[in-house]
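Biologist: Could we go through this model together, with each term defined as it comes up?

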Amino acid sequence: MTNPHALTRRSALATAVGLGVSVSFLGRAAYAAADGELARRKLIVIVCRGGLDGLSVSPPVGDPDYAALRGQIAIAPFGAPGGALKLDDTFGLHPALKSVHRLALAGQARIAPAVATPDRARSHFEAQDVLESGGTVAYGAGSGWLNRTLQALAPARRIEALSVGTQAPLILRGKIQAASWSPGGLEGRDERLPRILADLYARDPLLGPALASGLETQNMAHAAAALAKAQAVEMAPPAGDMAQADPMAARTAPNPPGAAEAARSMGATVAKFMTGPNGPQVVAISVDNFDTHANQGAGAGLLATRLSYLDSLLDGLSTGLGPEWRNTVIVASTEFGRTARVNGTGGTDHGTASTALVLGGGLKRGGIIGDWPTLQPARLYEDRDTAPTLDMRALFKGVLAEHMGVERRALDGAIFPDSAMAAAASNIVA
Amino acid sequence: MALPEPSDLNAAIAATRFGLGARPGEIEATRRDPRGFLKAQIRPEGADQPQGDLGDSARNLTVFQDLRKERKELKAEDAAAELKQVQAQIRDMAIAEMAARGRLAAATPAAFRERWTLFWANHFTVSATKGAVAPIAGAFEREAIRPHVFGRFEDLLLASSQHPAMLLYLDQAASVGPDSPAGRSAAGQRRQAGLNENLAREIMELHTVGVHGGYSQADVTEFARALTGWSISRAQDAARGADTAAPGSFMFRPLAHEPGSRQVLGRTYVQDGQAQGRAVLADLAANPATARHIAQKLAVHFVADDPPPALVARLEHSFISSRGRLDTLAATMIDSPEAWTPAAAKFKTPYEFLVSSWRAAGAAPELDNPRKFVGSMTALGQRPFSAPSPKGWADEAAEWASPDGIVKRMAWAEVAGTTMGTDLDPNESARSALGARLSHESATAIARAETRPEAFTILLMSPEFQRR
């Protein structure tokens, strides 16, 4: 960030919430001194877990084979009640993705409709591992590609990163300690305790850095809430309201009442972090429960509810970022897509290619990212799935190159090892 | 490496690494024979059962369905107050289950037995994140897991695969053979009834041979066909006089079973009906890849995120030579020198952290207010019976030792200091909870604390208490 007073302001905030400054900044370079446009760039990666059904996220209602393959779960054509929201002659968006559609019409959201990781095992856990590690085989690396991106950029500029949730996702694990945060629940009051524990953890390579980072993020959360209150911005409710809405419960329980509102509020709070003093520029968020083997529904139903949660989260983020939205890119992707045909229980089983959503205030206008293989019987992968035409790593590499200024050598080597074959996608970010 | 000798350190390891944390006096009592203390907990009748009026899965499913119906009607009538009451009843069923299990873990003198059980419950995860599973996720553990944890793996696998909670969680109950009478009937055609491969895949990938067990998509589909008909009985079935147990129990539906023989992992299964799926399960249980998969997971759970290969090999051999006897496997773990290394490599999960804190205090006042307990667990990222996926809860430090996780543990421990640590001698608590594992640094920090609650909080947050 470029605010020269950031350090002073943050110290003041830390003191204001009653935590020792020496503790909350333990082991951290407090200020990232970097100039220029790139230093403002922000990246949010959303991992949709469970295997998101691309053919419902961006239904190709104009594809002549779509309706027959999908049967009862086919999204209705453009203009029909509960029908797809039109993007072009072939593709629409699921009717629950209203905010994404609004952004798409403004040239700020695009789809990559046939993207897949190199993994073909149709196992959630292996595929998520490949998606997050950036490798070619599962369990090949103990670190995530987003963390290795921070490492690659470290000589040029220091970037703060944050994951949302109590558990640290693989995508942000690695040499650089990333922050983590989840809303609501438990908050400490004791002022001595953090200092005592920091001493006790001084030689603990696991707990020491984690505690320091956690305390700092907690301060940031307090500051963001206080700022929101002071500005009376309704987008970011104070911590008390958030605890009531309990967005983490929304993450684990599919359809609690108010889940969409909780998601919007969580998105807005994360946006406040990102725009606050020394806030994180890189954020990873997980959204669970997309494994729709049965009764997934079409325009309404199980999947529609989860997609409206995702849509609200994206709306909270994009709206909450305000003027910084033009410096931000969000990529939402999943470990694999689902079968092209509806299965015997009104759902879909594990498949291959799916849709990734790319959103941002500074996207290049354009059609779909990658090619559409069509749903012709001969084109289906192993006679069952949407065929992949774009390597997930190529999509990520394109965003990292054009938006974050990461060099090709790092992209093909340290960040996505052995991925030179999967050339970075281009013309995504203006 | 030598086998563990009676010693202060091995007593501490027995209680904290193999068990769920030491209760006051436990380490002292274990000191004479740490291995014998653990082995005495292995017994043919399986695990202990949580106490309380918890209900079996058939009853709980029926009650839940009635409540859901009532909820629907109340919604239609816009009766907000009554609706709230019914919703609270549904939630309280699940919360009572979580608290009962917590009480067992907090008080049991046989904590190795309970840890062993929790491992298998997590291996065969069902999750209340799927609404219909919520009222029977606890019953699943009591009915399908606990009786079998020291029996044959094959029996455990079968009990899990036929339990209504698993059939609902992994969408098996409605899977229909496309060429079965039910699939070809007019009603079946109308609702496009057919296969669901979710349970078949996860049994192979997660419960038995593992993702590298050598199966293909064709094996998954064939296994799914073999499992068609494995379902849950409904009130209508009993009314029709079908040969069935109580509504809400396992039921085989012959009319939904895909006819013909099946090919799974190179073997042909010509059996009829339910026997076909059972035969595939038996072969999966005996597959050497299953032994390897289970050995690796057990070693990760008990010893280290990256466990010694010699330990994995020994467990694998024990599984194969005993034909999947889980009592033998438990004894092999206890007899493995690698499991007794002095350095504690495992970072506690949130549930392990809370349980071991209660055990250190010799009391679990939080369980008198079960909603509060469940709220804490949710905030710490591990709401009981609610794992995020069929893979269950992670077992690795990289996942749980996150900045948010540590800060929230600290906040919980702060409250625990005031609710549990007020009347304790903190120096004595530290010695009885950690024994020879207590470090000089932690003992000093505890001794220097300003108040008893603060001292107890520091004990709970000390690096060695966070690990096992």
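Modeller: A residue counts as buried if 20 or more other C-beta atoms, placed from the backbone, lie within 10 Å of its own, as exposed if 12 or fewer do, and as partly exposed in between. This is a predicted model, in which local features need pLDDT of at least 70 and side-chain atom pairs 80 or more, while totals for chains, interfaces and linings use all residues. Residues are numbered from 1 along each chain as its sequence is written, and chains are lettered from A and ligands numbered from 1 in the order in which they are written.

Biologist: What percentage of the residues of chain A count as buried?

Modeller: Chain A has 430 residues. By the cut-off of 20 or more C-beta atoms within 10 Å, the share of them that is buried comes to 62%.

Biologist: How are α12(A) and α13(A) oriented to each other?

Modeller: The axes, lines fitted to C-alpha atoms over the stretch in contact, come within 7 Å for α12 (residues 259–275) and α13 (residues 302–320) of chain A, and cross at roughly 30°. Angles run from 0 to 180 degrees between N-to-C directions, and those under 35 degrees count as roughly parallel. α12(A) and α13(A) are therefore roughly parallel.

Biologist: Which helix supplies the largest share of the side of chain A that touches chain B?

Modeller: With contact meaning C-beta atoms, placed from the backbone, within 7 Å, 56 residues of chain A meet 55 residues of chain B. Among the helices (DSSP runs of H or I, at least four residues) that each supply at least two residues are α6, α8 and α9 of chain A. The largest share, 8 residues, comes from α9(A).

Key:
Contact = placed C-beta atoms within 7 Å. Parallel < 35°, antiparallel > 145°, perpendicular 65-115°, else oblique.
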